[in-house]
Amino acid sequence: LTEEDYAAKEDWADGKNIKWNYSDIQFSEICARRLEQHLREINPDKEKIVAVTHHLPFSEMVIRKPNNDAGFLVGNAYLGSARLGETLLSDPRVKVVISGHTHKPGYWRIGNIDCYNVSAPIGQIHYRVMEV
């Protein structure tokens, strides 16, 4: 998708239902700056931070289909923000990231961060016990 296609959101529910005074890219930047502020507010003596986001902070966590299904690709465009991932990677105290949104659970090691998508597959009840 081009930035213009992405911004138009013609076939996406958010494009029809969400009305605000900034673009999705601007909103992502607002969220990333807020996350940066939250990280700065954590006591510097803390050696380990577990960050929790609803949306995916790393593109590596996005599930891709080899046939480039158009609907799947459009959906993937709205799964998260790499800007959040950049923010998390910039603080070496962040050791674990827990996120969801996609209904595709999984694990990734990104930089020095253990990343977990703990969302449940659609239609399933899903529990995860984690020891950090």
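A residue is called buried when its relative accessible area is under 20%, and Cys115, at 0% relative accessibility, therefore counts as buried in this structure. The model described here is predicted, and a search of the whole structure finds five salt bridges but zero disulfides.

**Cysteines**
- A disulfide is a covalent bond between the sulfur atoms of two cysteines.
- Whereas Cys115 is buried at 0%, Cys31 is partly exposed, with a relative accessible area of 25%, and the search of the whole structure finds zero disulfides.

**Salt bridges around Glu29**
- Glu29, itself partly exposed with a relative accessible area of 23%, meets the side chain of Arg33 in a salt bridge of 3.1 Å, N to O.
- Arg33 and Glu29 are four residues apart in helix α3, so about one helical turn separates them, and Arg33 is exposed at 53% relative accessible area.
- The side chains of Glu29 and Arg83 also meet in a salt bridge, at 2.8 Å from N to O; because Glu29 lies in helix α3 and Arg83 in helix α5 (residues 82-89), this pair ties together parts that are 54 residues apart in sequence.
- Arg83 is partly exposed, with a relative accessible area of 21%, and a network of salt bridges links Glu29, Arg33, Glu36 and Arg83.

**A further salt bridge**
- Arg109, partly exposed at 46% relative accessible area, meets Asp114 through their side chains in a salt bridge of 2.9 Å, N to O.

**Nonpolar surface**
- Ile18, Trp20, Tyr22 and Ile30 make a nonpolar surface patch of about 310 Å².

How values were computed. Residues are numbered from 1 along each chain as its sequence is written. This is a predicted model: local features need pLDDT of at least 70, side-chain atom pairs count only at pLDDT 80 or more; totals for chains, interfaces and linings use all residues. Side-chain values use heavy atoms; hydrogens and water are left out. A disulfide is a pair of cysteine sulfur atoms within 2.5 Å. Buried means under 20% relative accessible area, exposed over 50%, partly exposed in between (1.4 Å probe, protein chains only). Patches are made of residues with over 30% relative accessible area and no salt bridge: like charges are joined within 9 Å, nonpolar side chains (Val, Leu, Ile, Met, Phe, Trp, Tyr) within 5 Å. Accessible areas come from the Shrake-Rupley method with a 1.4 Å probe; for residues, only the protein chains shown count as cover. A salt bridge is a side-chain nitrogen of Lys or Arg within 4 Å of a carboxyl oxygen of Asp or Glu. Helices (H or I, at least four residues) and strands (E, at least two) are DSSP runs, numbered from the N terminus.
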